[in-house]
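Q: Please take a close look at the side-chain pairs in this model. Which residues do they join, and how does each partner sit relative to the surface?

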Amino acid sequence: MKDVAINKAEYVEGQQAVSKIQNFENNEVLFKYCSLPEILKYVECFTGPDIMAMHTMLINKPPDTGKKTSRHPMHQDLHYFPFRPADQIVCAWTAMERVDRNNGCLVVLPGSHKGKMKPHDYPEWEDGVNKMYHGVRDYDPNHPRLHLVMEKGDTVFFHPLLIHGSGTNRTRGFRKAISCHFASSDCYYIDVKGTIQENIEQEILELGRTKYGIYSDLTMADVWFLKGRLVQGERINL
Ligand SMILES: O=C(O)CCC(=O)C(=O)O
C-alpha cells in the first residue's frame, strides 16, 4: 500500500513507495512472526489451542508530508472481520523500533472493547485518507486516551472491539511495526449483508476479486477463508 499523499502516477523510490505490506502469509520470513512461541503463548489465552493467523501487516508509517495522511483514524478491527465471536480474536502488534507520539504511536480508548461495534466510514479529512482507513464516527471525544509508548520488540495484545488508531509521523524516519490478527479456528463466519459492515464488504470484495481472480459469487467470508493460515492446532471452521 502506498500513502494517499503520493500521487498515483508519481514514481517514488525505495521504502517511500511502501507504507504497508498486508497479507504476508505466504512470505516465509515475515510469517515467522506469527508462529513465535513468545507471541503464541499469549494469543492462546484468548483463542484457545487452535489458532489461525487471519490478517498480517508490516506497517511502515511514512514521514508525514504535511497533509496528516499518515494518521490512522480511530476504529475497531472487528469492522473488517466477518467472523465471531469477538472474544476469541486478538491482535498482536509489535514495535520494530521505539514508537512514541513523535512518530505516531498507537492511541487507544481503554475499556472501549466492552462496548458494541459502531458504524464506520471514511473520515472527512481535508487532504484525503488512505484506502480502507475507515473510522468510528461517534466515539466520545472526552473518553480518556492512552498513547502506547513502546520500545523495539514490545508487543501489545488487544481485543477487536478496542477503539484505537495512530497519530501523525512528525519525524523523518519510517515508523515500523509488525502485526497479526489471530482467531480461534473454532470461530464461525457470519453474513454481513444488511449490517453496518456492508460498506467494508464491498471494498474487501473488490480487492479479493483482483487478488484471487474470482468474479462470481465471492463472499467476504471466502476472502478471509482464502487468506487465513493455521499456526497451531487444528483448522476447524475458519
Ligand atoms: O500501526 C498503526 O499505525 C495502526 C494500525 C492499525 O490500527 C490497523 O491497521 O488496524
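A: A residue counts as exposed when its relative accessible area is over 50%, as buried when it is under 20%, and as partly exposed in between. The model is predicted.

Start with the charged pairs. Side chains of opposite charge can pair when their charged atoms come close. With a side-chain nitrogen of Lys or Arg within 4 Å of a carboxyl oxygen of Asp or Glu as the rule, the count comes to 8 salt bridges.

One of them joins Glu28 and Arg229, whose closest N and O atoms are 3.7 Å apart. This pair links distant parts of the chain: Glu28 belongs to helix H1 (residues 28–31), Arg229 to strand E14, and 201 residues separate them. Glu28 has 52% relative accessibility, so it counts as exposed. Arg229 has 25%, and therefore counts as partly exposed.

Next, Glu151 and Arg98. Their side chains meet in a salt bridge of 2.5 Å, N to O. Again, distant parts of the chain are linked, 53 residues apart: Glu151 lies in the loop between strand E9 (146–148) and E10, Arg98 in the loop between E5 and strand E6 (106–108). Glu151 is partly exposed because its relative accessible area is 39%. Arg98, at 40%, is partly exposed too. Asp100 also takes part: Arg98, Asp100 and Glu151 are linked in a network of salt bridges.

A further salt bridge runs from Lys118 to Asp138, with the closest N and O atoms 3.9 Å apart. Lys118 sits in the loop between E6 and strand E7 (120–121), and Asp138 in the loop between strand E8 (135–136) and E9, so the pair ties together parts that are 20 residues apart in sequence. Lys118 is partly exposed, with a relative accessible area of 25%. Asp138 is partly exposed as well, with 48%.

Now the rings. A pair of aromatic rings is described by the distance of the centres and the angle of the planes. The whole structure holds 5 aromatic pairs. Phe83 and Tyr189 form one of them: the ring centres are 6.2 Å apart and the planes stand at 85 degrees, so the pair is edge-to-face. Phe83 is in strand E4 (residues 83–84) and Tyr189 in strand E13 (residues 188–189), so to speak of sequence, 106 residues apart. Phe83 is buried, with a relative accessible area of 1%. Tyr189, at 24%, counts as partly exposed.

Phe83 has another ring partner, Trp224: here the centres are 5.6 Å apart and the planes at 70 degrees, so this pair is also edge-to-face. Phe83 in strand E4 and Trp224 in helix H4 are 141 residues apart, and the pair links distant parts of the chain. Trp224 is buried, with a relative accessible area of 4%.

Ile214 lies in the loop between helix H3 (198–212) and helix H4 (220–227). Its relative accessible area is 32%, so Ile214 is partly exposed. Ile214, Phe225 and Leu226 make a nonpolar surface patch of about 250 Å².

Definitions and conventions:
Residues numbered from 1 in each chain as written. Predicted model: local features only at pLDDT ≥ 70, side-chain atom pairs only at ≥ 80, totals over all residues. Heavy atoms only, no water. Patch = residues over 30% accessible without salt bridge, like charges linked within 9 Å, V, L, I, M, F, W, Y side chains within 5 Å. Areas by Shrake-Rupley, 256 points an atom, 1.4 Å probe, with all protein chains shown as cover. Helix = DSSP H or I, 4+ residues; strand = E, 2+ residues; numbered from the N terminus. Buried < 20%, exposed > 50% of the residue type's maximum accessible area, 1.4 Å probe, protein only. Phe/Tyr/Trp six-rings, centres within 6.5 Å; stacked < 30°, edge-to-face > 60°.
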